[in-house]
Structure formats: C-alpha cells, structure tokens
Amino acid sequence: MAQDTSEVFCTILRIEHPSLSTALLITDNTEPLQRADGIYMPYGFKVTLPSQVEDSPPAVTVTVDNTDLELARRLRTLIGAPSITFAVVLASSPDVAESGPFYYSMLNLKGDADTLQGSLSYDEDIWAQTVPNEQYNPLNSPGLYT
C-alpha cells in the first residue's frame with residue numbers, strides 16, 4: 001500500500017497468427033524482457049481498457065507506435081484476425097502475471113504515419129452472429145407444426 005515503489009510494471013503483448021512463423025512478442029519496457037515463452041522486445045504501445053459507460057459496447061484498443069514500419073508490415077499482411085494476449089508483469093518477476101493474461105482477437109487495424117490502432121474483442125465475429133442462431137422449420141422442429 002506504499003505511495004510509490006521501486007518495482008517496474010510492464011505490459012506485455014503476444015501476437016499470434018497461423019501465417020506468422022513465430023509470435024510477435026513486445027513489451028512497453030525500455031529494455032528486452034526475458035520470459036519462459038521468449039524474449040519480449042521493447043516497443044511503444046498502450047492498451048486502452050473499456051469504459052464503464054452504460055449503453056455502449058465495451059471496447060478494448062491497442063495503440064502501437066508506428067515509427068518502425070516492420071510491425072505494421074507484418075500485421076498488414078495477415079489474412080484474418082490475429083490472436084492477442086496481454087498481461088501486466090513485474091520486471092523483477094516477468095513469468096508471474098500480476099494482471100491477466102487476457103485473450104482477444106484483433107478485429108481491425110488502422111494506422112497512419114505515427115500509430116497503428118486495433119480493436120480487440122473476445123470473439124472474432126460476435127456481431128455477425130444471428131440471434132436466434134437456429135431457424136425453426138418442419139424438418140428440424142416437427143413438433144411445432146403438428
């Protein structure tokens with residue numbers, strides 16, 4: 001409950017997709033972060049969590065610095081939604097998640113010369129699902145038509 005601490009909190013992002021040979025591992029730390037699943041390279045990014053506003057869908061976004069165009073090039077070539085895992089760890093104990101891990105799909109990616117921004121969702125096509133999912137007709141629900 002101290003007002004300040006000597007610990008460094010690091011947000012880590014793991015970006016995976018079937019067409020990527022290896023996962024993209026980045027951290028908002030200023031130096032590489034060695035974890036059991038690989039070395040997370042320093043990169044400027046920010047994860048914005050959903051607001052608590054009623055009557056609006058929750059929106060999680062990740063904004064990544066686009067100074068180095070390599071990440072943008074790799075993300076823009078992907079067909080389909082990449083899987084995003086993010087967590088908050090301490091630099092002194094990077095294998096222990098203080099918050100998370102949280103699992104998302106990146107639904108869209110837009111960018112300019114300065115930043116890339118992606119919307120994250122739990123389900124890739126949750127807004128494209130029909131409700132109710134099942135249609136009732138005499139073949140699959142004969143009891144309704146007797």
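Mentor: With a definition: a nonpolar core is a set of buried Ala, Val, Leu, Ile, Met, Phe, Trp, Tyr and Cys residues joined through side-chain atoms within 4.5 Å. Buried means under 20% relative accessible area, exposed over 50%, and partly exposed in between (1.4 Å probe, protein chains only). This is a predicted model, in which local features need pLDDT of at least 70 and side-chain atom pairs count only at pLDDT 80 or more, while totals for chains, interfaces and linings use all residues. Residues are numbered from 1 along each chain as its sequence is written, and side-chain values use heavy atoms, with hydrogens and water left out.

Trainee: Which residues have the most contacts inside the largest nonpolar core?
Mentor: Leu 13 and Val 62 do, in a core of 21 residues. Among the elements that each supply at least two residues of this core are β1 (9-16), β6 (60-65) and α1 (69-76). Helices (H or I, at least four residues) and strands (E, at least two) are DSSP runs, numbered from the N terminus. Another core, of 7 residues, lies apart from the largest one and includes Ile 12 and Val 89.

Trainee: And what does Leu 13 touch?
Mentor: Leaving aside residues up to four places away in sequence, the partners of Leu 13 include Leu 24, Tyr 40, Phe 45, Val 62 and Phe 86. Contact means heavy atoms within 4.5 Å.

Trainee: Changing topic, in what order do the strands of the sheet run?
Mentor: The 9 strands form an open sheet in the order β3-β4-β2-β1-β7-β8-β9-β6-β5, with mixed pairing. Two strands pair if DSSP finds at least two bridges between them. The edge strands, β3 (33-35) and β5, each pair on one side only.

Trainee: How many bridges join β3 to β4?
Mentor: There are 3, and these two strands run antiparallel. Arg 35 has Gly 38 in β4 as its bridge partner.

Trainee: Where does α1 lie?
Mentor: α1 lies across β1, β2, β6, β8 and β9, at about 140° to β2. Axes are lines fitted to C-alpha atoms, for helices over the stretch in contact, and angles run from 0 to 180 degrees between N-to-C directions.

Trainee: One more residue: why does Ser 83 count as partly exposed?
Mentor: Because its relative accessibility is 35%, Ser 83 falls in the partly exposed class. Ser 83 is in strand β7. Beyond residues up to four places away in sequence, Ser 83 touches Arg 14, Ile 15, Glu 16 and Tyr 104.
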